[in-house]
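User: I am new to this structure and would like an introduction to it. Please proceed through a few questions, beginning with the overall fold.

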Amino acid sequence: MCVRAFVRSVREGFHLYTGRPLNGEPVLDYGCGWGRLLRLMLAVTGPENLFGCDPWDKSLEACDGNHVRANIALSDYLPTDLPFPGKKFSLIYAFSVFTHLSERAATAALSACRKHIADDGMMAITVRPAAYWDCDPAVVAARKSAALKLEHERKGLAFLPHDREAIDGDITYGDASLSIEFIERRWRDWKVVGTDRLLLDKMQTIVFLTPR
């Protein structure tokens with residue numbers, strides 16, 4: 001139900017912030033996983049205009065195994081570009097992606113997506129508030145909540161890496177909280193035009209962005 005609520009919010013947000021309905025427009029699912037949101041997006045655009053990318057090869061195998069009707073490609077963990085040369089998208093969305101990225105990975109992802117967003121397009125991402133660190137049982141048990149909340153307060157972003165192999169010296173995946181103020185201050189190629197809340201997941205806020 002949470003992903004359905006996200007898709008509904010994104011459809012409404014697209015109409016609100018671009019002035020047109022999301023019908024037949026080229027759409028990219030950044031960090032598509034096994035394709036659950038791509039399936040829902042088929043209600044608003046055809047498979048020829050539906051794209052998905054993910055840096056984990058197992059995700060692409062799952063999309064193929066689930067017969068997801070979209071154009072799927074492998075992306076990089078620290079992308080400098082997207083695997084769709086020359087393609088521009090009216091909508092790029094990332095559900096529960098930036099809630100797990102390091103600052104370096106998040107910056108790289110938004111920079112790569114900026115190259116492929118249409119001038120009149122929109123991007124939608126979800127982020128977590130600082131309060132998340134009081135809700136994660138593992139963080140609470142490890143007594144790391146206070147330090148992570150303080151990091152978020154000071155910087156606008158807090159990141160706790162998982163036990164993963166480093167990519168070019170950076171562990172790109174873990175858990176992250178991210179403030180709207182950080183986005184506005186650090187990622188100047190994007191303009192925050194609105195937000196929405198997922199009532200079924202109060203620890204995720206949808207942020208709507210348009211290109212500057």
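**Overall fold and one residue**

Analyst: The secondary structure of the chain consists of seven helices and nine strands. The model is a predicted one.

User: Why is the chain described as being as compact as a globular protein of that length?

Analyst: For 212 residues the globule rule gives 17 Å. The radius of gyration of the chain is close to that figure, so the chain is as compact as a globular protein of that length. The radius of gyration is 17 Å.

User: What share of contacts in the chain between residues at least 6 apart in sequence joins residues at least 24 apart?

Analyst: A contact here requires heavy atoms within 4.5 Å. Among contacts between residues at least 6 apart in sequence, the share that joins residues at least 24 apart is 63%.

User: Is Val 139 buried or exposed?

Analyst: Val 139 belongs to helix H5, which covers residues 137–141. The relative accessible area of Val 139 is 2%. Because buried means under 20% relative accessible area, Val 139 is classed as buried.

User: Which residues does Val 139 touch, not counting residues up to four places away in sequence?

Analyst: Neighbours up to four places away in sequence are set aside here. The residues that Val 139 then touches are Trp 133, Lys 144, Ser 145, Leu 148 and Leu 160.

User: How far apart in space are Val 139 and Arg 114?

Analyst: In sequence, Val 139 and Arg 114 are 25 residues apart. In space, their separation from C-alpha to C-alpha is 33 Å.

Methods. Residues are numbered from 1 along each chain as its sequence is written. This is a predicted model: local features need pLDDT of at least 70, side-chain atom pairs count only at pLDDT 80 or more; totals for chains, interfaces and linings use all residues. Side-chain values use heavy atoms; hydrogens and water are left out. Helices (H or I, at least four residues) and strands (E, at least two) are DSSP runs, numbered from the N terminus. The radius of gyration is taken over C-alpha atoms; the globule rule is 2.2 Å times the number of residues to the power 0.38. Buried means under 20% relative accessible area, exposed over 50%, partly exposed in between (1.4 Å probe, protein chains only).
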